[in-house]
Each structure stands twice: as structure tokens, then as C-alpha cells.
Amino acid sequence: MTERLPASAREQDDAPRVGGAAVSTAAFGAVARRLIARLRDVMAGAGDAQTRLDQIVQLIAAELHAEVCSCYLMRAGDILELFATVGLNPSAVHRTRLRVGEGLVGTVAASARPLALADAPSHPNFAYRPETGEEPFRSLAGVPLLRGGRVRGVLVIQHLRARNYSEDEMETLQTVAMVVAELASAGELVGAGEISTAGDAGVLQQRLAGIGINSGLAMGQAVLHRPRLTLSELVAEDPEAEFARFGEAVSTMHASIDVMVQQSREAVPGDTADILESYRMFARDRGWLGRIREAIAQGLTAEAAVERVQQDNRTRMAQVADPYLRARLDDLEDLTNRLLRHLSGKRSPIETALPDDVVLVARALGPAELLDYDRVRLRALVLEEGSPSSHVAIVARALDIPVVGRCAGALSRIEAGDPLIVDGDNGQVLVRPGEDLIDAAARAMATRADRRLSYQAMRDLPAVTRDAEPIQLCINAGLVIEMPQIADTGAEGIGLFRTEIPFMVRATYPDVAAQTALYSEVLEQANGAPVTFRTLDVGGDKTLPYFPAADEENPALGWRAIRIGLDRPAMLRIQLRALVRAAAGRDLRVKFPLIAEVAEFDDARRLLDRELARAAKEGIAPPSSVKVGVMFEVPSLLWQLDALLKSVDFVSVGSNDLAQYLFAADRNNPRVGSRYDPLSPAFLTVLDRLAERCRAARVPLSICGEMASRPLEAMALLGLGVRILSMTPRAVGPIKAMVRSIDSRQVGEFLKPLLSGRERSLRPKLRAFARDHGASIEDIALVR
Ligand code: PEP
Ligand code: MG
């Protein structure tokens with residue numbers, strides 16, 4: 001049974017086939033409509049659920065000219081049981097059982113994705129069950145029965161001959177599977193008690209693993225962002241009426257989104273409103289709305305059609321790696337939910353009473369939806385999907401709430417109101433934790449809250465070392481909603497404004513006016529505190545939706561940051577023009593990313609000078625001062641320091657990239673990302689030399705990579721003479737405590753002789769020094 005078919009024995013084309021003869025898509029549409037209409041009659045007819053399921057498999061087999069149609073349903077303990085079949089041995093019904101993941105049926109259930117095989121027995125997961133008598137059947141198509149985000153079973157058709165299944169056939173099978181899933185979930189075939197535990201092994205307390213998208217620890221009650229709306233009617237009586245209902249719901253949804261965007265523009269300026277604007281565009285996506293209309297034309301109700309299209313989107317989402325496309329599909333998930341609410345007239349959870357401590361659980365979430373929730377109640381976010389670069393992750397970070405993403409099964413395993421502990425530091429969620437875990441988490445959170453309070457009490461104290469060295473503490477930011485953090489933390493300003501973040505969350509390239517408005521808003525909200533804008537740092541792992549990513553073998557060593565800026569000067573010029581205009585009458589600080597040689601800095605600086613001259617000609621008030629610097633991230637600059645330090649007003653070390661290029665270790669590759677320690681003699685020696693040269697040239701040196709956010713690392717930097725640090729806002733308290741607890745001269749005297757050593761890391765020695773000298777080096781992860 002495992003030999004490969006000769007090519008000639010397989011179907012070569014993808015045209016839909018009924019009974020082996022190719023039929024057109026239009027003709028197949030008629031088959032699908034007839035099948036759905038008959039299913040409706042069966043569902044509405046007499047007889048118990050088992051009888052109806054038996055009729056359904058017969059109907060599907062007849063309409064799709066399949067020799068076999070079988071339905072497996074999920075039972076407690078993640079077991080799939082054959083419940084009905086036509087074509088397989090009837091005595092196998094209720095006898096044949098497979099575990100999720102076992103055999104082809106178990107594979108469909110485990111992946112929750114359709115599977116179509118021309119030669120099923122040659123698939124590595126094929127598991128032959130003699131009692132079924134399925135030996136003669138060659139091809140197989142299986143689709144999951146999905147309901148409420150859970151797999152309820154698997155629907156399968158089989159053919160004797162080896163044949164390909166067309167897209168139309170698979171679509172029809174998935175549509176039919178919605179109807180069968182409805183029957184399977186009604187509690188008659190498999191008891192309701194069993195259904196609620198099927199798929200989660202029946203354990204009460206559970207630990208769900210995901211990835212930490214934003215660190216921190218929080219506890220609260222689960223609010224399911226998308227409580228599943230039960231689709232009571234799947235098959236439409238009157239398609240015309242469904243089209244009309246759909247059209248009406250789409251119009252009211254568009255109108256309500258328009259209102260939301262307008263209100264948000266007033267409440268949250270700049271980039272957040274831009275995110276919403278692109279969301280508004282997706283709501284008008286013709287492809288999406290068109291596919292729903294097609295599903296209605298197949299005979300589904302409007303609700304079922306919306307859900308059906310979203311099931312496809314989810315399947316696609318699972319395969320898409322591109323961050324922009326994923327963000328877009330997240331937006332579609334969000335819009336689906338809105339549209340279903342408009343169709344059903346049901347209220348969203350936001351409009352109903354929310355607990356005081358909301359842990360929001362969602363498959364995926366659009367940024368707009370996160371902002372819909374009351375920020376004061378929002379404790380954490382758990383996503384089944386989501387990536388660190390998704391729009392919602394960027395907004396959640398700005399709101400400073402812990403986020404666990406890629407938490408498989410969250411929606412099926414968490415019920416509304418469940419107590420949850422969200423551990424963003426370790427990327428895990430504890431569901432219905434026991435008393436002991438709740439106590440432990442509550443204690444950890446209370447300790448963190450105490451620490452936060454003690455750091456807050458230091459907010460207005462000067463950041464001065466015990467040997468009277470003043471240290472400038474700034475924060476890194478990238479969204480306007482982060483600007484209040486300057487005042488909240490007591491930082492001196494923004495040491496790194498990552499301008500690419502507002503670019504990344506928009507659907508289109510922001511023009512001069514949009515960028516000017518954004519940068520003006522940033523400067524306005526900074527209220528006189530210095531802001532250092534870094535020009536666009538895209539490429540590598542940061543892609544823009546409207547800028548094609550270069551297909552490169554080594555993106556980190558490829559076309560990114562200033563390289564793109566200089567090769568496509570129009571883009572950089574527009575950004576610089578906007579910065580100059582925004583800074584009219586105010587101080588302008590700009591730095592260029594990834595400068596590898598002085599000539600690159602000179603070229604970029606010339607572009608800025610041109611924009612300054614142009615603004616003067618246009619009668620725009622000049623900035624009151626202009627300071628231009630480099631991000632020191634590429635080691636080659638070390639050998640051009642004389643020339644560099646003559647040209648720049650300041651140097652900012654991007655220690656994340658500098659470490660990546662110095663050690664030749666991809667910062668995003670977990671295998672090597674932490675292989676080399678920035679507290680190694682090599683890395684610290686580079687910084688030591690750089691600090692010395694900057695001091696001699698009287699050029700201010702700052703560090704704005706992750707290193708500056710970690711107290712032990714920052715202590716070493718102060719020992720090397722660095723006096724300006726820019727960090728994640730949460731680090732300001734712990735770093736200030738460290739600054740006030742150390743004698744920087746003593747640190748330097750301890751550290752410098754160690755730089756000639758041969759150990760891999762000076763971390764243990766620095767830690768011992770900190771302990772012996774009472775330095776405060778608290779892990780910043782423990783602050784939230
Ligand atoms: C860095 O490389 O250290 C840096 C601050 O820039 P980014 O992390 O944005 O690349
Ligand atoms: Mg960098």
C-alpha cells in the first residue's frame with residue numbers, strides 16, 4: 001500500500017471533479033448549493049442526532065461522488081471516535097478510535113487544518129485500521145469540525161482511485177463541516193459534560209506555554225475578547241435576504257468604525273490614530289467582503305459566511321510568517337468579530353460589565369480593539385497568535401502590560417471568568433491556579449509593587465553617583481502614547497526615538513505633512529525635554545508594509561537603515577524635511593543608524609543641511625539648535641574615530657547591534673543571541689576605548705541599547721566613564737537606584753584591570769563587586 005503512484009495514474013489538473021469528470025467552478029457551485037440545501041432539510045427534519053448524522057454522511061458521499069464519507073467526533077481524553085460512515089465497515093462505528101495526532105484523521109484534528117491526499121496510504125502518518133476495511137481507498141480529504149475555537153471532530157471523504165481534490169471541493173467540505181460541527185456540539189451525540197472537557201484532557205489547573213511578548217507578572221480574571229457567538233442558523237432559507245442583512249451590517253460597521261477613528265483621533269493623537277486609519281481601510285477590503293458574499297451565494301447565512309471566511313483566514317494565518325501580513329490578518333479577525341456582532345445585534349464584552357482586573361484573552365487582536373478596553377482595568381493580554389512585532393504588541397508595550405503570545409489553545413482552555421496568572425517574563429499562563437500558586441504570585445506582585453513605589457519615591461531625586469558624578473538618564477520610545485513616560489519616570493528626555501515604529505504600524509508611507517505632525521506632537525509632549533530622533537531604521541528584521549523587503553540571505557548584514565536611506569535619498573529627505581519643520585523654533589537632535597564609515601555620515605549630514613537650507617528659503621523658522629550624531633553600531637567606525645569625532649555632535653552606542661556585529665552573532669537567533677556577553681572583556685574594551693576617545697574629543701557619548709536598561713551592565717558602563725544612558729522606561733527607577741548606590745571611580749578601578757583577562761564574561765566578578773559594595777543591581781524584570 002505504500003508504493004508511489006506512477007504520475008500518469010494521478011489526476012494532473014486541479015479542475016473540480018464529480019464522479020471523475022472535470023466540472024467547471026460554476027457547475028460545482030450548483031453542487032455545493034444543492035448539498036447545503038439538502039443538509040438544511042436534514043437538520044430541520046425528524047430523528048435523533050445519530051440518525052441525522054448518518055443521513056448527512058450519506059448525503060455528502062452522494063453529492064460529492066465519494067465512495068466513503070465518515071465523521072469522527074472528539075471524546076474526552078482527546079480521542080476521535082468514528083460516529084458515522086458510508087463506505088467503511090459499519091461495524092467499525094463507535095469501535096474505531098484514534099488519538100489526536102494519530103493517523104490522518106488525528107493529524108487533521110491536531111493541526112485543525114484541512115488535508116487532501118491523492119495517495120493517502122503513502123503519507124507517513126497513515127495508520128491502517130483493519131476493522132474499517134479502508135484498504136482499497138486511495139485518496140482522502142479530511143477537514144476539521146471547528147466550533148468555538150475547538151476541534152470537535154473530523155469529516156473525511158475517500159475515493160478508490162488516486163485523485164486530487166480541487167479547491168472547490170475542499171471549500172465545500174469545509175462549509176459542510178460547519179453544519180456537522182453544529183450538530184456535534186449540540187450535546188446529543190457526545191454529552192455536554194464530555195464536550196467541555198474534550199480537547200483539554202480534563203485537568204483543572206493548567207499551565208499554557210507561549211512566548212513572552214512583553215514582560216511582567218499580572219493576575220486577573222479572563223475576559224474572552226471574542227466570546228463565541230453561537231451561530232444558530234447556518235443554512236439560509238433565502239439568500240437574497242442574507243445579502244440584504246449582510247449589506248446592512250457592513251454599512252453600520254463602517255459607520256461605527258468611522259466614529260471610533262474620529263474619536264480616537266481626538267483622544268489619542270499621531271501614530272495610534274494612524275494605526276486605526278489603516279484598520280478602517282481593511283474594513284473596506286474588497287477581497288474580504290467579496291469572499292463572504294461568495295459564501296452567502298453558496299447558501300450559508302450571513303453569519304455562517306463571515307465565520308467560514310474567517311476559518312480560511314485562520315488557516316492562512318498559521319502559515320504566514322510575514323509580520324505585515326500577519327498583522328493584517330489580525331485586523332481581519334478583529335473585523336470579523338465586529339461584523340458578527342453587528343449581524344447578531346449582540347453587545348461586545350467591552351459594553352458589558354467588566355471585572356476590575358481584566359486579563360484579555362484573544363486569538364488575535366487588532367490594536368484598535370485593545371484600546372477599546374478600559375486601560376485602568378487591563379492587567380495583561382494573552383494571545384493565541386501574535387508576534388513581538390505585531391501592531392497589538394507594540395501598543396501593549398506602550399500601555400506597559402504583560403503579554404504572552406503564541407499561547408496555543410488559550411481560547412479553548414480558558415473560560416470567561418477563570419482566574420489567570422500571566423507571566424510575561426517566562427511566556428506562560430497559569431489557568432485556574434490553586435491557592436498556593438495564587439499566594440505565591442500575589443506575594444511576588446506585592447513585592448514588585450513595593451519596589452515600584454520605592455522607585456517612584458526616587459523620581460525627583462538626582463541621578464548622581466556617590467562620587468558626585470551626575471548621570472543623564474533618558475528613555476527610549478517609539479510611539480506618541482509613550483511620551484508621558486518622561487514625566488512619569490522623571491527621565492531627562494528621549495535618548496532614542498525609534499521613528500520606524502510609527503512607519504511600521506501604518507498601511508501607507510506617511511508623507512511630509514503626516515510626519516511633520518507626528519514629530520511636532522512628540523516635541524510638544526516632550527515639553528522642552530530633549531528628544532533624539534533616529535532616522536528610519538528599517539530592513540533586516542523590520543519590514544514596512546509598503547516597502548518591499550529585499551530578499552537577502554543575510555538580512556542583518558544587508559540593506560538596512562542608513563544604507564536604504566542613502567540609496568533611496570527621497571525617503572530620507574522627506575523624513576529630514578519633516579523633522580526640520582517640526583523642530584521650528586525648538587532644538588533638533590537627529591542621529592543616523594548603522595553608520596559604517598564616516599563618508600556615510602557626511603552624506604546623510606549633507607541631506608540634512610540641504611533640508612535646513614530649503615526650510616530657510618521657504619521662510620520656515622529654523623530649529624533653535626541642531627545637533628547631529630551617529631548610532632555607533634558597526635565596529636569599522638572604531639578605525640575612523642579621529643575623523644568621526646571631528647564631525648559629529650554626539651555618539652550613541654546601539655549596543656544590541658554593536659554586539660551582533662562585533663561577535664558575528666545574530667541578535668535574533670536564540671541559539672547564538674546570548675552566546676556572547678556584553679560584559680565580556682572584548683566588548684567592554686571596545687566601549688572603554690570609545691569612551692576614552694569621546695572624552696578626549698569632548699563629544700558626548702550615550703548608550704541606548706539593552707545594556708543601558710540593566711543595572712549590572714549600566715554599573716560597568718559608568719565605571720568606563722559613560723555618563724548618558726537611554727533605556728526602557730521601566731528601567732529608570734532601578735538604574736537610578738544603582739547610580740545613587742555606587743562610586744563610579746571605584747567601579748572603574750575594579751573593572752579596568754580585568755579588561756585584559758581571558759574569561760568569557762566579567763559578570764560574576766562584577767556581581768560580587770556589587771554585592772560587596774552595596775550596589776543596587778535589581779533585575780528590572782522584577783519591577784512589574
Ligand atoms: C541597538 O542596536 O542597540 C539599538 C538601540 O537599536 P535597535 O535595537 O533599534 O536596533
Ligand atoms: Mg540598532
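The following legends describe close-up views of a predicted model.

**View 1. Polar contacts to oxygen atoms of ligand 1.** Arg534 places a polar side-chain atom 2.9 Å from an oxygen atom of ligand 1. Two further contacts involve the backbone. In Ser655, a backbone N or O atom lies 3.1 Å from an oxygen atom of ligand 1, and in Gly654 a backbone N or O atom lies 3.4 Å from an oxygen atom of the ligand. Ligand 1 exposes 290 Å² when taken alone, and the protein buries 98% of that area.

View 2. Ligand 2 is a magnesium ion, coordinated by Glu633 through OE and by Asp657 through OD, at 2.0 to 2.1 Å. The two residues are 24 residues apart and link distant parts of the chain. Glu633 belongs to the loop between strand 21 (625–632) and helix 21 (641–647), whereas Asp657 belongs to helix 22. Both Glu633 and Asp657 are buried.

**View 3. Strand 15 and its pairing with strand 11.** Strand 15 covers residues 419–423 and is mostly covered, with four of its five residues buried. Strand 11 (residues 217–224) pairs with strand 15 in the antiparallel sense, over five bridges. Within this pairing, Gln221 stands opposite Pro419 of strand 15. In a regular strand, side chains alternate between the two faces of the sheet.

**View 4. The hairpin of strands 15 and 16.** Strand 15 also pairs with strand 16 (residues 428–431), again in the antiparallel sense, over four bridges. Ile421 stands opposite Leu430 in strand 16. The two strands form a hairpin with four residues between them. In the turn, Gly427 has a positive phi of about 60 degrees.

Technical notes:
Residues numbered from 1 in each chain as written. Chains lettered and ligands numbered in written order. Predicted model: local features only at pLDDT ≥ 70, side-chain atom pairs only at ≥ 80, totals over all residues. Heavy atoms only, no water. Polar contact = N/O pair within 3.5 Å; in protein donor to acceptor, adjacent residues only side chain to side chain. Areas by Shrake-Rupley, 256 points an atom, 1.4 Å probe, with all protein chains shown as cover. Buried < 20%, exposed > 50% of the residue type's maximum accessible area, 1.4 Å probe, protein only. Pairing = 2+ DSSP bridges. Donors = N, O, S within 2.8 Å, 3.2 Å for Na, K, Ca; no water.
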